[in-house]
Amino acid sequence: MLYNAFLQAIREIKRNMMRSALTAIGIVIGIASVIAMVNIGKGASASITQSVSKLGSNNLLILPGQTRGGPGGASSFAKPFKPNDLNVLKSSINTLEAVSPVENTSMTVVYKDQNYRTNIKGVNNDYFTVQSLEVDLGRKFEKSELRTGQSACIVGKTVVKKLFAPDENVLGQKIRLKNFSCVIVGTLVEKGANTFGGDQDDLILVPTKMFQRRISGNNNIHMITVSVKKNIPLEEAKLQIDQVLRESRHIKANDEADFTILSFTTLLDTISQITAILTVMLGAVAAISLIVGGVGIMNIMLVSVTERTREIGIRMAVGAMAADILIQFLIESVVLSALGGIVGVLLGLAITYGVAIGLDIQLILDPSITVLSLLFSMLIGVIFGISPARKAANMNPIDALRYE
Amino acid sequence: MIKLAGITKTYGSGEVATQVLKGIDLQIEKGEFVAIMGPSGSGKSTLLNILGALDVPTEGDYSFMDTNIRGLSKDQLALFRRNILGFVFQGFNLLKKTSALANVEMPLIYQGVSAKERHKRALEVLSSVGLQERVDYDPGQLSGGEQQRVAIARAIVTRPKVLIADEPTGNLDTKRSHEIMQLITGFNREGITVVMVTHEEEMAEYASRIIRLRDGMIEKDGHHAV
Ligand SMILES: Nc1ncnc2c1ncn2[C@@H]1O[C@H](COP(=O)(O)OP(=O)(O)OP(=O)(O)O)[C@@H](O)[C@H]1O
Ligand SMILES: [Mg+2]
């Protein structure tokens, strides 16, 4: 009986090919987007994880304030670090390889008639270690420059390209930032774009001291990056930093710290949390479109039941029970939505493939989501097919036969 | 075999209620060929639908071989139609865009007959009504007489005990009508009880008994020699 109902359903769907196809499109789109969303989400998060771990797994980021949401969540109202915090970190912890403050801003720099807006970072020479930067031409900062805040700049390749002619000598040139000028003492080896597409060469490094004197006008520090010595567990370094900073910032052991130590592993956790949330949200949007598709199926099945009232009467007259009619129409809607599901899966996989190639993210095809989607599309067929099918099954044979 | 007692049928209720059958007592024995006649609106189809378990009477008793049909559930009625009755409608009532063969096989699906057996039996019955050349035709490609023969084949393929036919020749010319009547007579000779509505005396002549209805009551019930 089930098999016959299945054949009958296929015949019925073929008979109304155009209508069936249009009806199933809702399901096709819904399933395709679920598959694409979930697979692309997973691929993207795998790619991000991979590249973030490349960023430096032995680096720590120290920010003022408490972050709960993730990086960037640190409040700018939080009490910034003072030079003393930095000094105690350097002097009293021997597990750190490098400690550098990082002050950030963006400014327009001018050289002759060229101007260009770029990132200005106030750092010390340890920053090179933390970020694996290397000097191409010239040199790093000198002790005197770091101590006095003398104007000295080390520029990234993008800035060089924007401001200078190809063969022009860069070292020793003066560039203007806002109301002061700065001598270029070095250039950086090109790093290229990072995984997120950001240009890592679009920056100018200046000594922290100079940043504070000329730009921020105070001696606050808003971020410290440190590099932990090899073979030292990050957690151990974190504990030490926590202890030292609490002491220098006068925070009791039981109170909440007014700073946050982030490692890239916490960053990774945050990123994967964010991508997971995004995946769920996109999946939910796709699920809504599936429900819309289901309503479309219900609509067409109701039309179909009305159109075929006479047929239902004939079938009942030759001995079909209510259950036979119910199953016939239910299977028809399940087959219709499952066919939509199959096409949707194929389309979704194709989209995933295309996007993975196009955006250069990992191609992850999760088999469980494919199976789930197919089952779900059939479930939609059942849920939205049941009411039309019951309408058909509850007809009276004589009324159905008389229906014109 | 069939026993009706005090059957009435009222459509509507209150002011607009109309009693279409006004107390029908009727007994039909196994192997009979009964023709029901009467003017239009006298309640012939209504009576036939009740006999065919497609409709339920308002009052009265209907028993078939000592089974009280009125006491059956919807599903039991379906089984009664499935296994005991065969129905031929005035308007053919074939499934559209479905081959003659598939139309005839359809009742066997509900009987749970295997695909192979279905195919064989449907072909047999279709050739017994002279349509062996037309098995793959849709109703739309068949003449009225051919469609009615498909409908008869569909009614007979389940080997019913009773064949119920509502004006089986109503839409056909005289020549085709006689062909159909000969087919039905043939099945009656093989032992199938036939109850048929007709308004043509000529066709009623094939029956062994003619019941005349008027205004929802039996006016005359008489046997005659064929
Ligand atoms: N569903 C219904 N609702 C109300 N009245 C009905 C219904 N079905 C039939 N009738 C009425 O019952 C009466 C008898 O109908 P029926 O179809 O039994 O007549 P008939 O003898 O078969 O007529 P005909 O020879 O024209 O086919 C008619 O007056 C008809 O209008
Ligand atoms: Mg009638």
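## A bridge between K42(A) and D366(A)

In this predicted model, the side chains of K42(A) and D366(A) form a salt bridge, with 2.7 Å from N to O. K42(A) sits in helix α2 (residues 17–54) of chain A, while D366(A) sits in the loop between α11 (322–359) and α12 (367–393) of chain A, so the bridge ties together parts that are 324 residues apart in sequence.

The partners can also be described by their accessibility. K42(A) has a relative accessible area of 38%, so K42(A) is partly exposed. D366(A) has a relative accessible area of 14%, under the 20% limit, and therefore counts as buried.

## A bridge between R249(A) and D85(A)

Another salt bridge joins the side chains of R249(A) and D85(A), at 3.3 Å from N to O. This pair links distant parts of the chain, 164 residues apart: R249(A) is in the loop between α8 (234–248) and β11 (259–263) of chain A, and D85(A) is in helix α3 (residues 83–92) of chain A.

R249(A) is buried, with a relative accessible area of 5%. D85(A) is buried too, at 4% relative accessibility.

## A bridge in chain B

In chain B, the side chains of E105(B) and R118(B) meet in a salt bridge of 3.2 Å, N to O. E105(B) belongs to helix α3 (residues 100–111) of chain B and R118(B) to helix α4 (residues 115–128) of chain B, so the pair ties together parts 13 residues apart in sequence. Both E105(B) and R118(B) are buried.

## Network and total

Salt bridges also link E12(A), R15(A), R308(A), E311(A), R315(A) and E332(A) in a network. Over all chains, the count comes to 26 salt bridges.

Terms used
Residues numbered from 1 in each chain as written. Chains lettered and ligands numbered in written order. Predicted model: local features only at pLDDT ≥ 70, side-chain atom pairs only at ≥ 80, totals over all residues. Heavy atoms only, no water. Salt bridge = Lys/Arg side-chain N within 4 Å of Asp/Glu carboxyl O. Helix = DSSP H or I, 4+ residues; strand = E, 2+ residues; numbered from the N terminus. Buried < 20%, exposed > 50% of the residue type's maximum accessible area, 1.4 Å probe, protein only.
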